[in-house]
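Dear colleague,

I am handing over the structure below, together with some notes on what was found in it. Please look at the sequence and the coordinates first, and then read on.

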Amino acid sequence: MPSKLRDYCPKTRIDSAAMAITAFFAPVAIIHALFLLSALYPNGVHDADYGWTYIGHCFLSIFIWGNCLVHLIRVVVIDSSISNLTLPIVLQDGWSYCSLCQQNTPLRAHHCVICDTCIIRRDHHCYYSGRCVGLVNHRSFIAGLIYGSIGAVYAVTMSLSAIIYLESGINTYTVLTVVFPIFAWVVGFAQVNLLYTLMGSLSLFGGIACVIFLLLQLWQIAHGQTFYEFRISVSDYNQGYINNFKDVLGENWWFYWILPFIPSELPGDGSHYLEVKNRIASNFTGKEIKSL
């Protein structure tokens with residue numbers, strides 16, 4: 001197998017299991033959305049009253065799903081390893097030497113034992129993509145979380161709407177059917193398709209997980225930290241909210257997440273940082289990286 005292709009393959013059993021879950025639910029999510037729309041709008045585009053509403057929901061579903069998918073792919077294919085840097089032979093001030101990579105590595109770069117390389121401004125290893133989240137693909141990870149959260153909320157809303165529509169109202173049993181779909185079917189008070197209730201339940205709990213992790217990531221970025229630095233209580237790179245978000249999402253940080261192909265140049269390549277104690281101010285310097 002070519003070495004480049006091998007980089008995209010899962011490296012551990014946990015990676016394999018998590019990526020298999022991602023590969024399964026990626027097509028299931030959009031199929032589920034279209035099934036829900038067919039239940040809510042049985043006449044589809046031919047409905048005289050709700051034809052355009054149906055088209056709007058179809059567009060919104062595909063837009064959210066497409067953004068999630070493209071950003072996930074970008075997390076996988078964009079490499080944040082130190083192979084993208086020209087590394088000095090002589091150890092520079094503040095840098096460290098990685099005996100595993102046998103390379104000098106800059107501040108905030110850390111070795112991932114799963115990826116078997118040092119990652120520039122390493123945040124964490126994402127099992128669902130099988131890749132480390134670092135300097136260059138961190139923004140795609142954040143955008144994927146944003147659309148994952150939006151998609152989950154949208155899916156739960158549509159699932160509830162379909163269940164209420166099919167059961168002609170909302171009651172305690174309706175709520176229990178969404179929260180505990182298997183139990184509802186075993187006990188026998190669920191009257192709607194198991195697919196709707198099961199996917200609605202998965203969307204609910206998946207959405208809660210996405211929102212919690214997204215809020216944690218946004219809090220860390222706002223305070224100039226990676227997930228690794230958050231865990232070990234390092235806060236030496238806080239430049240203020242706006243500059244912190246620019247460091248992760250690029251110059252167009254406030255609207256980059258809307259579409260995956262909006263250019264947003266990062267302010268540096270991760271080779272130099274000015275450490276600032278007590279969170280006063282800091283500068284992030286380095287060679288500019290073009291938006292990937």
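Which residues in H2 meet which residues in H4? Please keep in mind throughout that this is a predicted model. On the side of H2, the residues in question are His32, Leu36, Leu37, Ala39 and Leu40, and they meet Ala155, Met158, Ser159, Ser161, Ala162 and Tyr165 in H4. Sorted by class, this contact has 8 nonpolar and 3 polar residues, with no charged residues. Helix H2 covers residues 13-40 and helix H4 covers residues 138-166, and their axes come within 10 Å and cross at roughly 35°. The crossing of the two helices, H2 and H4, is left-handed.

Ser203 counts as buried, because its relative accessibility is 13% and the cut-off for buried is under 20%.

Next come the salt bridges, of which the count comes to 2. In one of them, the side chains of Glu229 and Arg108 meet at 2.7 Å, N to O. This pair links distant parts of the chain, since Glu229 is in helix H8 while Arg108 is in the loop between strand E2 (103-105) and E3, and the two are 121 residues apart. Both Glu229 and Arg108 are buried.

A salt bridge also joins the side chains of Glu251 and Lys246, at 3.8 Å, N to O. Here Glu251 is partly exposed, with a relative accessible area of 40%, and Lys246 counts as partly exposed at 23% relative accessibility. For the helix H9 (241-249), the buried residues are Asn244, Phe245, Asp247, Val248 and Leu249. Just after H9, Gly250 takes a positive phi of about 95°.

Where else does the backbone take a positive phi, in a residue other than glycine? Asp116 has a phi near 60°, and it lies in the loop between strand E3 (110-112) and strand E4 (117-119). Asp116 counts as exposed, because its relative accessibility of 56% is over the 50% cut-off. Ser233 likewise has a positive phi near 60°, again in a residue other than glycine, and is found in the loop between helix H8 (227-231) and helix H9 (241-249). With a relative accessibility of 62%, Ser233 also counts as exposed.

Finally, a word on the cysteines: how many disulfides does the structure hold? The number is 0. Cys68 is in no disulfide, and the nearest cysteine sulfur, which belongs to Cys210, is 7.8 Å away. At 22% relative accessibility, Cys68 counts as partly exposed. Cys126 is in no disulfide either, and in its case the nearest cysteine sulfur is that of Cys132, 9.4 Å away. Cys126 counts as buried, at 10% relative accessibility.

With kind regards

Terms used: Residues are numbered from 1 along each chain as its sequence is written. This is a predicted model: local features need pLDDT of at least 70, side-chain atom pairs count only at pLDDT 80 or more; totals for chains, interfaces and linings use all residues. Side-chain values use heavy atoms; hydrogens and water are left out. Axes are lines fitted to C-alpha atoms, for helices over the stretch in contact, and angles run from 0 to 180 degrees between N-to-C directions. Helices (H or I, at least four residues) and strands (E, at least two) are DSSP runs, numbered from the N terminus. A crossing is left-handed if the near helix is turned anticlockwise from the far one by less than a right angle, and right-handed if clockwise. Contact means heavy atoms within 4.5 Å. Ala, Val, Leu, Ile, Met, Phe, Trp, Tyr, Cys and Pro count as nonpolar, Asp, Glu, Lys and Arg as charged, and the others, Gly among them, as polar. Buried means under 20% relative accessible area, exposed over 50%, partly exposed in between (1.4 Å probe, protein chains only). A disulfide is a pair of cysteine sulfur atoms within 2.5 Å. A salt bridge is a side-chain nitrogen of Lys or Arg within 4 Å of a carboxyl oxygen of Asp or Glu.
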